[in-house]
Amino acid sequence: MKIDQIISAQKRNWSVVRKLGEGDAGEVYWMTSLLDSHPAVLKRPRHGGLFSDIQRQARQIRTEGNVLQGLGRVNFPNTCVHLRVPTLLDQNQGESILGEQTFIVLSPAAGIDLRALWQLLRAGSAYEGNLPGGADYAFFIDQWVTLGEFPEPLLVRILLGVLEMLETIHNPAAKNEQTRQLGIIWNDVKAEHLFWNPLDASLTVIDWGNSQYLKEDGATKDRQFTFVDDFSQFLDEMGRFISEISPELFKRLNWPAPRADAEWVVQEIKRIKDALTASWETLQTELRALRTQEIDLTGNPSPGLAQLDEVANLWPKLALYGELPDLAGLQMMFSRMALQMASIKNLQDFLQVCQRAAALPEPVNQLSGSGKWPLLSIIARIPTANDQERAILSSAVASGVAGDWPGMTWELFRWIGYEPLPEWWGRISHQIRSVALGLSPEALPPYGIISRSLDELLAAIVLQPITQPFGSEAATSTSPINLLKASREEILTKWIDVTPAPPNSGVAYSEFDRIANDLRSLAPDAWERIERGLAQPKAQAEIVLSAWERKEFEAAQKGLRSLLLWDPDRRRLLSADRAIGSARQWLDRVHRGAARNEPFYDFLTTVELEGRVLRNQVGAASWLDTILEALKRLRKGARSVDLTVEFPDLQNELTWLNEYRSREILSLPRSRSLTLERDLSTRLPSRPLSGLVEGRFGPGEDLVLGEPLDNWRPEAQGSSARVFAGMLRTPRARQAGRYAVKLMRPDRLEYALPLFKEETRLLAMLRDVPGISPLVECGYLKIENISEFPTDHSTLPATALCGPAVRYGAEEALNFLAAMERYTSSGWLPYLTLVERNNEYNLMRFCDSAYNHGWFLPLKESLLCTIQICTILQNAHDRNIVYRDHKILHYYWDPEVHGVEMIDWNIARHHANGLTDAEKQADLVQFGARAMHHILTGRPAAGSLPLGPNRAEEIEQAAQRYNTNWTYDDERLPKRLKEIVEQTLNQGYTQVRDLRQDLADIYERI
């Protein structure tokens, strides 16, 4: 076969890479799949041999393929090693033909064969043989070279594994192409046929060309071989190998010389296996102790620099067993240490951690990408002038440790601000792109690609003048070279300008629109390079502008961070970010209209100019263009009625156009007249179980997850958990009940774990408080098919998820908490089962003005909801609990009890020593800004936290005072009620009962 020759097989086509060797059994080649470059090994008869040899080799190859197919269905024991055989990937077309065209394609053996491993140990760094590539193998080999001799623990487990494999293949059934046989003999026991893979402690057994099927009596069909021949080869071949590499083990096992006595061979094999088994049991205990010590060190939540040496001392000991350290655990340990150093702004120790971590290979499928730690080492050396800059740099590298490359890049970018770019920015941003995006180190950013391409294009025009027209019709009198020079200067100068002048000053890459066709016809190669360089940045810019169009300002700002990764020279992104950040305030001012003493036309001119700045710095959006057009026409004297006819959606933006009061036509569902007192619940939540039950969840089980309950609104999803419908029952129940199952997010375990603990404790403390959704049960799920976990945007049910389940009754909450660390460290996900709330009754559907397009609940019903929430808060404060996470999405109306229900207590906090007035006051301010203000006015207070998922630290850092900006819609509110709202937003209440009483006074007078 020739190099790069294409071989067609039954399943796919294969390309010849190189010849590995040839022997009595035929030729062996290294291959790759044309479809996905998957590596493989091809075996075929030797080309040009005698016809009889070719036939013999073809039969052997065919038999090997059949044997490997059968072995692929055998369950090997897993007592000391993971036993594997090559997988039959493909074979020649026309299976009935035997000849030179016969071949099989096998998966390559992972790891190092024992003979090569022994040679490596003897030669050390001078070894010149072939070794597997990859950082993980290099790390293993470095550990092994220092040993100098073949470690006995590994040799014991390999010998025991081979014996277990031989016993397994001699006995269980395996199929050949015609009949069903009872067993197989390997018939080629050699050290070089055994490959040890340290990545997963597996032993792969190769070269099954001499294997044969056994009849019922343990002999081959031609009676030339029996299963005893495998054992005889084992005693002979492995005996010689052991006597060479480990004379002490050879002597201790009293290894016998081969004899032609089948009964004696079987007895000797049993004796040796018993000795190996006893030895391995002792060694396995020692290995477990090493792993336990490793877990204790790497799992320490607050590791110190001294522990790094302790962990490193374990690596040579693990190498004796042929195993690698827990690289993923080490990376997590280094990440925790690095985050600790960054949090206290200790960049010197942070640098040490990065340097030590950089010496380790990246774990398989490491999400943070190769080169993470060397890059963080470089960034940590950026000079800082003061504590503020040191804090910014510490925050940036902390984002890098967490793998948030867009966030890290943006913090460095924002640190530079409007100042000239420092010398280090180009070099570091280039390295961040390589690590975060997986780009080659030679890959230029868009600015470099365009600059170089335009330079080449200018040179080409100078050398070969163009006679055909260039540019738009208005520019036909301008020479191509002058027009291109002007375009080049404008494009590249604006590219690195923080606030470029319009046109083409927004996020979109519209600089080339005017000359794109001419560039394409003038220099196709240069234009193709520019298009390739702009493909990803353009896609990221479209994401930003799409979010801008939908008024998803936070998503747009997040998109800018990803865009900066692809185009670190696009300095206008800083101005775009600030513009997007101010858009909400601008819209609020547009919605409010002119202030009482502000001239109307001054208001129109001011907000129009501010809006056009937004458009220039970000880009067009239908809502923005509609508002700007309306403001311009109003400024020029257009009638509002004409504008509303032409732009029907304008009333949602300029609510003051018709100067009418918001109408109150909505109403809460009820079966009686509403009062402040809720009904006593006539239906207590059924308890699916009590005590502890172990079983499974999934289709047909007692616990089945259903459709997501938290994606009915984008803001409804939490940061630590997903919520699904759940059908639960006990073995005695005839019908399953439907509940809400709050399941911890599998990718946010470290963040979510303390929140789940706190929520469980609080629900237990508040179980008798009316208005709080009670805990029904809790437990742990181990999802076997985690890849099918629904994404945040998926509407598909989670019915297919399945696995083991441990369920606790609600009364077992403390036992559930005690077991949480043990289960979560083993891959289990905690869940809480609560009473399901109907999203149709969420208060957002009744109180949010944007949702209801200006329609409101009657004021008395709005007050009733607010007062009932105050009652629930009073009960919580009386038990030293602050709720903190106030937002409209956390409140539901329950028509059966005529009362408000509160959910989601995971960010609430219990203060065992009692609540201070300041803590109560802060809770009330957040209640006023995000709940009471929203219920009464249809919107949260300006400047309050966004409606989506909030973290505890965001609430702790939230403003403690808020200004009230009353609109025309708020004219329905009595003056006294506005005063109460203003007082709440400005720390005017420290006791819930005082606020509740003031609200109740107004309620009674209406």
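Helices, in the sense used here, are DSSP runs of at least four residues, and they are numbered from the N terminus, as strands of at least two residues also are. The model described below is a predicted one.

**The chain as a whole**

In its secondary structure the protein chain comes to 34 helices and 27 strands, and its C-alpha atoms fill a box of roughly 110 × 90 × 60 Å when this is taken along the principal axes. Of the 1006 residues in the protein chain, 51% count as buried, while the accessible surface comes to about 46,000 Å², with 50% of that surface belonging to carbon and sulfur atoms. When contacts between residues at least 6 apart in sequence are considered, 69% of them join residues that are at least 24 apart. The side chains of the protein chain include 111 that are positive and 130 that are negative, and the centres of these two sets lie 3 Å apart.

**The loop between H16 and H17**

Helix H16 covers residues 480–495 and helix H17 covers residues 516–522, and the loop between them holds Pro 503. A cis peptide bond, with omega at about 5 degrees, joins Pro 502 and Pro 503. Asn 504 also lies in the loop between H16 and H17, and its phi is near 55 degrees, which is a positive value in a residue other than glycine. Most residues other than glycine have a negative phi, and most peptide bonds are trans.

**Two further loop residues**

A positive phi, here near 65 degrees, is found again in Asn 187, a residue of the loop between strand S11 (183–185) and strand S12 (194–197). Glu 442 has its place in the loop between helix H14 (423–437) and helix H15 (446–463). The C-alpha atoms of Glu 442 and Arg 822 are separated by 47 Å, and these residues stand 380 residues apart along the chain.

| Residue | Relative accessibility | Class |
|---|---|---|
| Asn 187 | 11% relative accessibility | Asn 187: buried |
| Asn 504 | 25% relative accessibility | Asn 504: partly exposed |
| Glu 442 | 62% relative accessibility | Glu 442: exposed |

Asn 187 counts as buried because its relative accessibility is 11% and the cut-off for buried is under 20%. Glu 442, at 62%, counts as exposed because exposed means over 50%, whereas Asn 504, at 25%, counts as partly exposed because that class takes in the values in between.

Technical notes:
Residues are numbered from 1 along each chain as its sequence is written. This is a predicted model: local features need pLDDT of at least 70, side-chain atom pairs count only at pLDDT 80 or more; totals for chains, interfaces and linings use all residues. Side-chain values use heavy atoms; hydrogens and water are left out. Buried means under 20% relative accessible area, exposed over 50%, partly exposed in between (1.4 Å probe, protein chains only). Contact means heavy atoms within 4.5 Å. Accessible areas come from the Shrake-Rupley method with a 1.4 Å probe; for residues, only the protein chains shown count as cover. Lys and Arg count as positive and Asp and Glu as negative; His and the chain ends are not counted. The place of a charge is taken as NZ of Lys, CZ of Arg, CG of Asp or CD of Glu.
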